[in-house]
Protein chains: 4
Amino acid sequence: MGKNRSESRTEKSWQSRLTSQADAETASFLASLDVDRALWRYDIAGSLAHARMLSESGLITQDEYQRIRDGLHSVADDIEHDRLEMPVELEDIHMVIEAALIERVGDVGGKLHTGRSRNDQVALDLRLWARDAIDDLCSRVAELQRAFVDLAERQGKVVIPAYTHLQRAQPTLAGHMMLAYVEMLQRDADRLTDCRRRVNVCTLGSGAAAGTTLPLDRERTAELLGFPRYSRNSIDATSDRDFLAELCFDCALLSVHLSRWAEDWIIFSTGEFGLLVLDDAYCTSSSMMPQKKNADTLELIRAQAGGGIGRLTGLLTLLKSLPIGYSRDLQDDKRFALPAVEACLSALKVAAGVVATARLDEPRIADALEDGFLDATSLAEYLVLKGVPFRKAHQVVGGLVVRAEREGKRLAEIPLEVLREAAGQVDADVEKHLGSANVVKRYSPDGSGGARQLLKQLNYWKRKLD
Amino acid sequence: MGKNRSESRTEKSWQSRLTSQADAETASFLASLDVDRALWRYDIAGSLAHARMLSESGLITQDEYQRIRDGLHSVADDIEHDRLEMPVELEDIHMVIEAALIERVGDVGGKLHTGRSRNDQVALDLRLWARDAIDDLCSRVAELQRAFVDLAERQGKVVIPAYTHLQRAQPTLAGHMMLAYVEMLQRDADRLTDCRRRVNVCTLGSGAAAGTTLPLDRERTAELLGFPRYSRNSIDATSDRDFLAELCFDCALLSVHLSRWAEDWIIFSTGEFGLLVLDDAYCTSSSMMPQKKNADTLELIRAQAGGGIGRLTGLLTLLKSLPIGYSRDLQDDKRFALPAVEACLSALKVAAGVVATARLDEPRIADALEDGFLDATSLAEYLVLKGVPFRKAHQVVGGLVVRAEREGKRLAEIPLEVLREAAGQVDADVEKHLGSANVVKRYSPDGSGGARQLLKQLNYWKRKLD
Amino acid sequence: MGKNRSESRTEKSWQSRLTSQADAETASFLASLDVDRALWRYDIAGSLAHARMLSESGLITQDEYQRIRDGLHSVADDIEHDRLEMPVELEDIHMVIEAALIERVGDVGGKLHTGRSRNDQVALDLRLWARDAIDDLCSRVAELQRAFVDLAERQGKVVIPAYTHLQRAQPTLAGHMMLAYVEMLQRDADRLTDCRRRVNVCTLGSGAAAGTTLPLDRERTAELLGFPRYSRNSIDATSDRDFLAELCFDCALLSVHLSRWAEDWIIFSTGEFGLLVLDDAYCTSSSMMPQKKNADTLELIRAQAGGGIGRLTGLLTLLKSLPIGYSRDLQDDKRFALPAVEACLSALKVAAGVVATARLDEPRIADALEDGFLDATSLAEYLVLKGVPFRKAHQVVGGLVVRAEREGKRLAEIPLEVLREAAGQVDADVEKHLGSANVVKRYSPDGSGGARQLLKQLNYWKRKLD
Amino acid sequence: MGKNRSESRTEKSWQSRLTSQADAETASFLASLDVDRALWRYDIAGSLAHARMLSESGLITQDEYQRIRDGLHSVADDIEHDRLEMPVELEDIHMVIEAALIERVGDVGGKLHTGRSRNDQVALDLRLWARDAIDDLCSRVAELQRAFVDLAERQGKVVIPAYTHLQRAQPTLAGHMMLAYVEMLQRDADRLTDCRRRVNVCTLGSGAAAGTTLPLDRERTAELLGFPRYSRNSIDATSDRDFLAELCFDCALLSVHLSRWAEDWIIFSTGEFGLLVLDDAYCTSSSMMPQKKNADTLELIRAQAGGGIGRLTGLLTLLKSLPIGYSRDLQDDKRFALPAVEACLSALKVAAGVVATARLDEPRIADALEDGFLDATSLAEYLVLKGVPFRKAHQVVGGLVVRAEREGKRLAEIPLEVLREAAGQVDADVEKHLGSANVVKRYSPDGSGGARQLLKQLNYWKRKLD
């Protein structure tokens, strides 16, 4: 029956069918240990559950189960303490662990793979990993949301310009802008939560493609691993990587969100805009220019959208045209999904620090606030209340702005009679509609940038993020 | 007060602030009418609801409302019958409709835009469109799923090879493979349904960025348009395009799924594989080679993954680094989302036709079924039941396969004594574990490719897709 | 011999092998006429050359050639004047033209396709198109480069801040910045020129995949169409779309370049930066906010990087895993390449207009120029000339900046004794190294942002772009 | 003058301007040492040349130069032998090397950065790296081309089907198909060579953005580093990453090529196609199914197109909208370019091994060769030579194929009178036009799949790849 498998840790256990072996370069090309060793905990957990189910189903004895279990614990302990050799010829963490097990417990270790294929095993490990990854991402998203909420509480009542097209648009409370980022992030959390439902399915028992003739108890394995259900179709279960593609998309969109915020803040903290002051701890200077203070952390956060989108594109492209049923191409799924999550986790962490230590530059903001005719819309809306159709009101105010700009005045500085001449129905109460502070006070519907709305939103988020 | 706006249909209504006009080339560059005219129904619907709310809130009179409403209906009628001129200088469908309205009903038409900006209006129109698009996609997905289920009922009991690595792996019922595609598509439907919840939010009342000082009734507008809720933050509401990115992702992954299925079936219908016969109506011949019958529809379906992934990448990249608050970049969102949906709808339709008219080539399948040692796993599992550790059983059978291949035999043709010599515990009952038909009968757990499992799955899907 | 082909314009000429026909929906799915009708001139040109070669090679008579040639001219005339019906059942422009030809000239038209397949014909048409597209792109790139050079001549001597990390870095002449864009664009032109060499290869004579048994004169066809060489391998020639992928990449990177420039100028023309004033003709206002002047053209130019990258990704993904030998997937190549070129051409045109009409806001620039310690590096370099190691000099100046910032001073306003105390070797001549104007004068090596360098570069570009 | 820099290896040398420091997590987020340490040789080489130029230009003394040079050699030696600590706080390999130098040679080390910024230094290092990377890629491409040429010599005269749409199309010599791959790869080599010209430009002397006031000799530095020219514009030079984007594109298209070839060969080596036999050394078996022999190496090669396209997309997206002038986002360029090259190098190596050890399964090919009417086009072309218009000939043969298929015959088995009845002008010599071997003999023009053409191509490639 050939040589004893347990004598040779570096020989793959399934190779009796093939008569020549890969050379070192090819072996290293085939291997994914550099990336999938990160999955070791999940592989051990899956094997423990599988072995227990096998014993409960009578496919192995209680004694065999205990030896396998103890062996797996011992392997886990060695990996945890970085004591397990992982020869690249074994290709992946799954074979490394199985080989180490057999080495320790002998032939009984060869029973662990009963009714199991690497195909359903890998799918399981990835799902266990993805479930944890989502939970970690959601925590970090909430942490960043809380940082924005805190800033909205600290300095949220400062009136600042809201921008469209990067031009000054309407006045708003600063807190309103901070909560816009919170909204954006909440959708990330919601999408991740939706994705988690599709992750949370047990694939064990699917075999290599079409299942197994052995009487496995799939419900039990699922239960032991905390899955609410198991997969319905073995072919699909072993070749589906939708959950990773979806996770990569969620990470990509999250990274795009962070890039939008980073872009805002990079611009807001320029010498020219001067709305925000970032803490020195999140900036660096220049190797050549002694005066520089650059928002490098924000730039690197912004840059991550490149990697985020690239990984998503890469994984989807990998899946394109791939026949169903497992193909080795799927091994590379991890090269997209694992760094996608890793990158988001670290960007979120640093982002929370940036937000927590940033402050609005209130004096400079106040200085420049009345530039740019932020109250023009309010004036047009005042005319609407006086009965002027909005389109006419818009046109009238547009003309007044051109005139005021030419004369170097603000709208509030235009004499009442001039306003009347241009627009007809203007009373002295118009002054309560001009100037950013007044405008902000008058914002009416929910969702606008005024104080009442901010309070309501802050309450909502503080409760939700608690 | 300047010239009468209603005199000039091609002048943009907000241009009093600017003193020079775009030339024709620039005007055409700025315009999105070629793509957003598809949104006209949604723009009219949104304006009708907005006008009604304005009248109920006292911002316009009941009479003004009726004139606006009738005007909008008349404009809609003209668009429906392709009678409305759409000068490119008006840039987009929103301004085309407003200009046409003002032309018909006079200055009162200028009241429609009260408390509204193109920014929240466009967001609304896109959401109304996306809601319908998702519903259409879900119907078409279900139609294709039903075609697979029907095929699984027609010829599902044929035993075929399941493939991994495109090599023959384990035997399975054909219906099991068809239902693998159904599973895949169901996740598409689920994701679309999740996306719909995030689409289904009313943005009207957000103004250009920070809201409005006019007392709008946002709850009422939302209700009139069938939205369960309205947006919480005006800045976010006007610059959020997550729902389109998510929709594009759902379409991209759907197109990847279709590419995987198309690839399978292109290969299965080659002369060499010969598993499937496609209907001539879905094939074409060659302009040069008279004998050809090519699966062109499947190839074009496969190709759509390129466009699907490209559009997703494109939209995410467009959003990357974009400051929040509306920027004109967002106008191009439609150039990704609309064709993404269109392409999926037509591919799904054609796919359903391909599946409905395809048939398995039963005689040819039967001929080749016992090639490739599909029962090798079953034999190893037989040994497991006799107490051999799976790893050893695997190794023994691997050796037997090499030997059988050399001798040009099937496993079932190996004499019992040879099996015994190699594997020890083999009895005459081993014959019930060999041969594809026997293996399929023995599949045990849920989700495997046998008859009992197929029946259960078919029942599940017939009920679900009913 | 079946029915007369010329009776039925809408029946595909190769369909005798198949017994059922596509329904309308499938026919429309199979068709690419909506996009490839743009190739009609190239298809006619290719057929004219092919027919002439056939007659010169004796495969058709001189008379047959003339009838085919006249027929093709008549078809071309009808297409040019939009008089040719193009039934979607004919799928593509190639079959439309052939069917129209046969209808006009009878069976002799059926000789045109002698020794030719749609596979080598389509490849040819695309190469003819791509060659022209590259020439058009190069012209437009040069036009935009000239606009930058003109601006560098008009206002190039204005001293402005060069930015790194969007923070003020070193002073530079404005012309130097304008020529940075010219450099970037030159690489686009160079890449396109390289791509053109790979485009410029004749594929006719490759047949469907493996060639033809007919004695074609490939050299002659190539010569007639202006190709310096013909393809070496028929399988490669019919399935190669590298030249389109490369063209899409060149367009993508060009669009990224335009996005970088657009981003710069959007920021430079904000109220806060105020470096640049854009002409109103390239801006729009807001539908709600009467005061707005937005750089919408720049935003749309920036947005095109999304489409540019998306199309490249899409085409590469389409090609991924595609077996060599023509597959119908390739039909969709046009859906990426044609709009990629179209989008770049129109963006380049508009960009040239934006640049030609823009002006630097010299008074505002002068006002703010000395903010941000732009001369700090120069001061450090002064110390270097006095023997201080650069790292120490950098450190000393860094400290001086902190101090000056605290005291609200510029570096030039720090008393000499304070400088000496901090840095040691400082003489009165230090004043010639402080202040932006002085720094710019002192720039030494080629490629720096001073006047001498600018002059040299301007001369270079004026000669090159002439 | 503050504390001695050489006391503190982990403090960044430019930080005197900032008053608080990044925590460990932020420091690690800012660092790129994990990826850019691969650039160390290039950084040392660049610094050696810069220092030499500084001394030749009189900016440092000959003695200072020698101390710097010796210090750099000693640092290089330590890195080579993995003896240099690289604290993450130093962020990147450039600062690690400078800090180590200063530690060894004292303050004189602080003179190395004279007239240099990390911005032009990083650009230089990347260009030096990219130049070598391109040379390596070109060697490996040639190696793979030679493997195909060898195979074309070993078994190139075997007649096989050429496929279109994965359906049997025309007969060809196998060598012709192998050389199709060689053509494809040659374009990769050509593109890389074009890219190299754009890489091969020296950026040193550009400073941080606008140059330097110190009198550097840029021509000399370029010469010392083997660059034929130096950059013309400092702003462009420090923010240009086109050369990396182009390199990533070249790698992406190369990876797409490999995926097309891998797909072909995965299919050709299935049980069903049986054209090719891969060496066991490049295959693996299954953990569950003892009979499997899977083309895993080819699958992993195919999968790399995902990473290849993803990295290209990622880098382009990173660059999108990035203001010119260095931003920290550019630090992440290496995360795309370095693994892009690495992945291609290893895939090319393994691919060459796969090709070198593969063999065509001649008996099986011969068995199946006459399936699929590969001679149908030849028959139609025979009719053309008899004067039948090609379209009619095509139609006639199409009908004959339907009939032959129905009767289970080959075209060569159809009686002459039947051929005559269908097609008119058929003589006994038609038999020389039927059967794959005859067809291949008759291929006429250059570039077709016959023996004469193959010989010519083989000669061409052997000379070129010598």
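Predicted model: local features only at pLDDT ≥ 70, side-chain atom pairs only at ≥ 80, totals over all residues.
Residues are numbered from 1 along each chain as its sequence is written, while chains are lettered from A and ligands numbered from 1 in the order in which they are written. Local features need pLDDT of at least 70, side-chain atom pairs count only at pLDDT 80 or more, and totals for chains, interfaces and linings use all residues; side-chain values use heavy atoms, with hydrogens and water left out.

The interface of chain A and chain B was examined by contact, where contact means heavy atoms within 4.5 Å. Chain A contributes 118 residues to it and chain B contributes 118 residues. About 10,300 Å² is buried between the two chains, 57% of it on carbon and sulfur atoms. Buried area here is the accessible area (1.4 Å probe) that two parts lose on being put together, summed over both. On the chain A side, the residues that lose the most area to chain B are R232(A), R260(A) and R391(A), together 9% of what that side buries.

Between chain A and chain B, 20 salt bridges are found. A salt bridge is a side-chain nitrogen of Lys or Arg within 4 Å of a carboxyl oxygen of Asp or Glu. E246(A) and R191(B) form a salt bridge, with their closest N and O atoms 3.2 Å apart. Helix α7 (residues 174-199) of chain A supplies the largest share of the chain A side, 13 residues. Helices are DSSP runs (H or I, at least four residues), numbered from the N terminus. By class, the chain A side has 49 nonpolar, 37 polar and 32 charged residues. Ala, Val, Leu, Ile, Met, Phe, Trp, Tyr, Cys and Pro count as nonpolar, Asp, Glu, Lys and Arg as charged, and the others, Gly among them, as polar.

For chain D and chain C, 117 residues of chain D are in contact with 120 residues of chain C. The area buried between chain D and chain C is about 10,300 Å², and carbon and sulfur atoms give 57% of it.

Over all chains, 36 aromatic pairs are found. Rings of Phe, Tyr and Trp (its six-membered ring) pair if their centres lie within 6.5 Å; planes under 30 degrees apart count as stacked, over 60 as edge-to-face and the rest as tilted. F148(C) and W265(C) are edge-to-face because their ring planes stand at 85 degrees, with the centres 6.1 Å apart. F148(C) lies in helix α6 (residues 118-155) of chain C and W265(C) in helix α10 (residues 242-268) of chain C, 117 residues apart. Both residues are buried, a term for under 20% relative accessible area (1.4 Å probe, protein chains only). Ring pairs also link Y163(A), F268(A), F273(A), Y163(C), F268(C) and F273(C) into a cluster.

S378(B) is located in helix α14 (residues 376-385) of chain B. S378(B) is buried, since its relative accessible area is 3%. Not counting residues up to four places away in sequence, S378(B) touches T213(A), H433(B) and V439(B).

How values were computed. Helix = DSSP H or I, 4+ residues; strand = E, 2+ residues; numbered from the N terminus. Buried < 20%, exposed > 50% of the residue type's maximum accessible area, 1.4 Å probe, protein only.
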